Amino acid sequence: PKTKLCEIMDKEKSDKSNAHNYTTVYNYLFEDIRFNKLNLLEVGLGTNNIDVPSNMGANGTPKASMRGWRTFFPNADLHGADIDKRILIDEDRIKTHYINQLDLNTITNFKNEFPMAYKFDIIIDDGLHSFEANYNLFNYLNDMVRIGGYYIIEDCNLEVYNKLLAKLDVSNY
């Protein structure tokens, strides 16, 4: 049976439910904190502009998962970031930001938009899907995850996963 989050993401036309089935795991992880006051960041908002790396194709729905998170987490402070500035349009309860995961200055600039003590409960890296992009984002943003929070890298193939494990000393996190 489909979870509540699966239904929400399907309705919003997010690929998190049908193409990847992440929503089953996310529903399990987040069901108990669903109505808490949370801070969530998703990097990679799903551009449909095909001239951008890691795009969803011309028929994709930008910010679909952010709209799904908005429904699933009714009390959350939601932030989304992407490399495609054309889709960075704020919506009700969704604040958008520019991040190019291959440009460390943009990640630093993003961090500087927040007070030093600001922490995210959930960070989801659904961005450029490359080792360098995943590594850069984690290295620069992992200190913004609250203790006990979640840092999730989506669409990470085995090669990238193994390179990340070899490069990061995950025992410190």
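This is a predicted model: local features need pLDDT of at least 70, side-chain atom pairs count only at pLDDT 80 or more; totals for chains, interfaces and linings use all residues.
User: In what order do the strands of the open sheet come?
Analyst: Strands here are DSSP runs of E with at least two residues, helices are runs of H or I with at least four, and both are numbered from the N terminus. Two strands pair if DSSP finds at least two bridges between them. There are 5 strands in the open sheet, and the pairing is parallel. Their order is β3-β2-β1-β4-β5.

User: Which strands sit at the edges?
Analyst: An edge strand pairs on one side only. Going from one strand to the next, the twist averages 15 degrees, with axes being lines fitted to C-alpha atoms (for helices over the stretch in contact) and angles running from 0 to 180 degrees between N-to-C directions. The edge strands are β3 (94–98) and β5 (145–153).

User: What is the bridge partner of Gly 80 in β3?
Analyst: Strand β2 covers residues 77–82 and runs parallel to β3. The two are joined by 5 bridges. For Gly 80, the partner in β3 is Thr 96.

User: Is His 97 buried or exposed?
Analyst: His 97 is in strand β3, and its contacts (heavy atoms within 4.5 Å) include His 79, Asp 82, Phe 110 and Glu 113, leaving out residues up to four places away in sequence. Buried means under 20% relative accessible area, exposed over 50% and partly exposed in between, using a 1.4 Å probe and protein chains only. At 5% relative accessibility, His 97 is buried.

User: How many aromatic pairs are there?
Analyst: You describe such a pair by the distance of the centres and the angle of the planes. Rings of Phe, Tyr and Trp (its six-membered ring) pair if their centres lie within 6.5 Å; planes under 30 degrees apart are stacked, over 60 edge-to-face, and the rest tilted. By that rule the count is 15.

User: Why does the pair of Tyr 22 and Tyr 26 count as tilted?
Analyst: Both residues lie in helix α3 (residues 22–30), 4 residues apart, or about one turn of the helix. Tyr 26 is buried, at 3% relative accessible area. The ring centres are 6.2 Å apart, and the pair is tilted because the planes are at 40 degrees.

User: How many residues apart are Phe 30 and Phe 73?
Analyst: Their ring centres are 5.8 Å apart with planes at 55 degrees, so this pair is tilted. Phe 30 is buried at 0% relative accessible area, and Phe 73 is buried at 0% too. The pair links distant parts of the chain, with Phe 30 in helix α3 and Phe 73 in the loop between α4 (64–72) and β2; the separation is 43 residues.

User: Which ring does the charged end of Lys 85 sit over?
Analyst: The rule wants NZ of Lys or CZ of Arg within 6 Å of the ring centre and within 35 degrees of the ring normal. The charged end of Lys 85 is 4.5 Å from the centre of its ring, which belongs to Tyr 98.

User: Within what arc do the buried residues of α1 fall?
Analyst: In helix α1 (residues 4–11), the buried ones are Leu 5, Cys 6, Ile 8 and Met 9. The arc is that of the directions from the helix axis to the C-beta atoms. Seen down the axis of α1, the buried residues line one face of the helix, because their arc is 165 degrees.

User: How many residues of helix α6 are buried?
Analyst: Among the buried ones are Phe 131, Tyr 135 and Phe 138. The buried residues of α6 pack against β1 (39–43), α5, β4 (120–125), β5 and α7 (158–167). Helix α6 (residues 131–141) is largely enclosed by the rest of the structure, because the buried count is 8 of the 11.

Key: Residues are numbered from 1 along each chain as its sequence is written. Side-chain values use heavy atoms; hydrogens and water are left out.
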